[in-house]
Amino acid sequence: QVQLVVPMAVVFVPGSVPGDLPRPLPFRDVHEMEISVNLRASVASRYEVFYRSTTGQEEAALAAATAREADAALHPLQDTTLGSLTMYVVPETSSLLPQGINVYVGKHRSALVRAGGSLAALQARLREVAQVMSFTASSIAAALSDRVPDGQLSPDARRYLKSSLGYEITFSLLNPDPKSHTVDWDIEGAVNRYVKPVLDKLSLVANFSVDSQILYYAVLGVTPRYDKESSSFLLSAHSLPHVINPVEARLGSSAASLYPVLNFLLYVPERSHSPLYIQDKDGAPVSTNAFHSPRWGGIMVYNVEAPVSPQASLPLHVDVDMARVMGVFLAQLRLLFGLSWEEVPPEFLLESPGNEGLADWELDHLLWAHTVENIATVSTTLTSLAQLLDKIGNIVIKDDVASEVYRAVASVQSAVTKLSLGHLHAAFRASKEAVTSSERAFFDPSLLHLLYFPDDQKFAIYIPLFLPMAVPILLSLAKIVRETRQHKKEPTKMD
Amino acid sequence: FQDQAEQFLRSGHTNNWAVLVCTSRFWFNYRHVANTLSVYRSVKRLGIPDSHIVLMLADDMACNPRNPKPATVFSHKNMELNVYGDDVEVDYRSYEVTVENFLRVLTGRIPPSTPRSKRLLSDDRSNILIYMTGHGGNGFLKFQDSEEITNVELADAFEQMWQKRRYNELLFIIDTCQGASMYERFYSPNIMALASSQVGEDSLSHQPDLGIGVHLMDRYTFYVLEFLEEIHPASQTNMNDLFQVCPKSLCVSTPGHRTDLFQRDPQNVLITDFFGSVRKVEITTETLSLDRDVAGSESKLPEEELATEPLKYAEQLPVAQIIHQKPKQKDWHPPGGFILGLWALIIMVFFKTYGIKHMKHVF
């Protein structure tokens, strides 16, 4: 039984304390909730809340002009362990939060919540905030998607990247028309400036490796349609699935690693098909001019402006605006991992994470989902390994397979314990070790059932050999038995 | 609402894999290689890249010394269609196509030194097409004229795949004699199977080519290839049409199929769900606004290296150590009960029958 424990602190600014508190501040309380995954399994969640009032330093920080500054000032005063949450309840009339906004979620692990009158209303709001910032029932169910019976989840809920020890990211520049465009992209600089900070933050989750390539004469699989009204070329939404295939054959992948590959393609359309826009389902051009495919990567179309004079010499030199491009690619990377702002209620204001790419609480979100997924994967793997070994009675289990199994069991137990204590980082690391060990044990090449003969096959081989040999032996045995019996009988007869 | 209904009928896969196996060797089994290569060609044409195809050919027909048209494998007589093409990528060739390697590919229990192209790196959102052809019988398929895979082993391998969620849906097509016996024992969910003939029937070959001297294709795969040539990546043809391919009048054998383990209705399963690679796509509506003026972290070059003396090649190889290594002693285990009992029986009977007086000569 997995129990997810979130340590939470609710800090009341003077003037925001609701009238109907059960006990005077400070006090602790526990909220429990059960997330049922399928008929037999469920995940329990526990929010251990510590209600208290502000310290002097926090009050000074909260006296800032805007919520953003308050959040920045509060950051050093907070509990920064992974998985924990701090919520500051500000009075209803406070000017920190703009009109119509009830919750401001910061870049780190805190939120500013507007007081709602009674304790019950406040708790309902706090519950909402806690769910956005840690995990919801649907995010846990999506992580355990292969155990949820079909039909309960829509097929699209299972589209996020699976938890893996590492990911490979490949940036590719596609130039189908090198005669018209010489495209220059400073990919190394862009990776160092924009991508590395995000990947450094995500390095807690997995190892990332980045490479890049330029492909010439790589065309999309679809011919775009010319639209007279906007005098541009359009790719409709339903032709997008067929765009990727011809290109995919030309994209390489590293021969040595087995990690999932995420491809980000930047396509500079040909002179004859410029400008090229992607249309969404309603026919409007997409502002980012990009689309992505779950578990694969994303493609962005980069339009080159027509030259000022029609006699400009070809090829045109194009300097790619890497900040804009990386903004789209990093947003796609977030979406591939499942971090999106879609499900946030409208009265919430989320602070933009800026160049870091993702907020601390979004990282926690990922860690919760991946830890639960890892634990589920380990238990399925070990159960199925046990079933396999039961079925083939005489399989030889090597010592290192046995030690990997023991290690996996110990790690997964430690992960579950750490989760129930609220130590998210330690639990995640333990779950990663458990997954590594269990995969190594399950996929060990020596466990091929073909190599171990069932007993009936052994009989089938040895019987034709030993049966003819056994016939005279058995007959002689019978003769001996008969003789001994006769011998025993005779003395009595002679007397 | 229409969108939601469409969603539930669609498959939930995000990538496609294909494992195409030809199990026979020798020149007169040209048609099996041509079968496999035609399916390979269709699958590539419809979008599955080579990195997602595991092609296993047990013999090389294109460069076989008996091939009068080298570097080609034809599927039509009068050499209309060369299925070998320019960019075929064979992953397991010749003697590497064994039952063990096939099962290793399916279950993933591969030695760590295997390159990426020889692995089936599918996940729980992969639709896999498995096509097998060769000589088969009731409940088995012959590999390389020396070993066979039984339907029980195949069913167990699929169950191992399901346990580890290595597939979302699986389409199994087999073109051998008595092919339907191979899918009788499947018990894992989400498997659909097609076979070229029922138990007790033989699958027949299609047409010989007098120029090449062998039969070029098997009937079932020939008509499947004709059917697939009309499919393009956007087509909406479903599995029910594939079940109608090659009726008894054309095929002489009765093709069979099995859909009871499959969760969706075959009516809603598109051919491109398995043979092509139509990806799910979402429009990106969000973007991050990045601050341009940030100084990036310089790429860290490994500047500090421990100064070591350069090793000469001969020093790196401790030849003396290697050649004088004794073979590792195998641990001695006492003989098992069965052997002991057998010997005790034999000795006892021997001495009882021939008399105890021989004992003193032995000891």
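This is a predicted model: local features need pLDDT of at least 70, side-chain atom pairs count only at pLDDT 80 or more; totals for chains, interfaces and linings use all residues.

Modeller: Residues are numbered from 1 along each chain as its sequence is written, chains are lettered from A and ligands numbered from 1 in the order in which they are written, and side-chain values use heavy atoms, with hydrogens and water left out.

Colleague: Are α9(A) and α10(A) roughly parallel or roughly antiparallel to each other?

Modeller: Helix α9 (residues 399-421) and helix α10 (residues 424-442) of chain A have axes that come within 8 Å and cross at roughly 160°. Helices here are DSSP runs of H or I, at least four residues, and strands are runs of E, at least two, numbered from the N terminus; axes are lines fitted to C-alpha atoms, for helices over the stretch in contact, with angles from 0 to 180 degrees between N-to-C directions. Angles under 35 degrees count as roughly parallel, over 145 as roughly antiparallel, 65 to 115 as roughly perpendicular and the rest as oblique. So α9(A) and α10(A) are roughly antiparallel.

Colleague: How many nonpolar residues are in the contact of α9(A) with α10(A)?

Modeller: Contact means heavy atoms within 4.5 Å, and among the α9(A) residues that meet α10(A) are Val401(A), Val405(A) and Leu419(A). For classes, Ala, Val, Leu, Ile, Met, Phe, Trp, Tyr, Cys and Pro are nonpolar, Asp, Glu, Lys and Arg charged, and the others, Gly among them, polar. That contact has 5 polar and 5 charged residues, and the nonpolar count is 12.

Colleague: What handedness does the crossing of α5(A) and α7(A) have?

Modeller: Helix α5 (residues 187-202) and helix α7 (residues 322-337) of chain A pack at about 30°, with axes 10 Å apart, so α5(A) and α7(A) are roughly parallel. A crossing is left-handed if the near helix is turned anticlockwise from the far one by less than a right angle, and right-handed if clockwise. For α5(A) and α7(A), the crossing is right-handed.

Colleague: Which element gives the largest share of the lining of the largest cavity?

Modeller: A cavity is a set of points on a 1 Å grid over the protein atoms alone where a 1.4 Å probe fits but cannot get out, and lining residues have an atom within 4 Å of a point. The lining includes His31(A), Tyr47(A) and Arg127(A). Both β3 (42-53) and α3 (119-133) of chain A supply at least two residues each, but the largest share, 4 residues, comes from α3(A).

Colleague: Where does the cis proline, Pro275(A), sit?

Modeller: Most peptide bonds are trans. The one from Ser274(A) to Pro275(A) is cis, with omega near -15°. Pro275(A) is found in the loop between β12 (261-267) and β13 (276-278) of chain A.

Colleague: Last one: what is phi of Tyr217(A)?

Modeller: Tyr217(A) lies in the loop between β9 (207-216) and β10 (225-227) of chain A. Its phi is positive in a residue other than glycine, at a value near 60°.

Methods. On a 1 Å grid over the protein atoms alone, a cavity is a set of points where a 1.4 Å probe fits but cannot get out, and a pocket is an open set with protein on both sides within 12 Å along at least five of seven lines; lining residues have an atom within 4 Å of a point.
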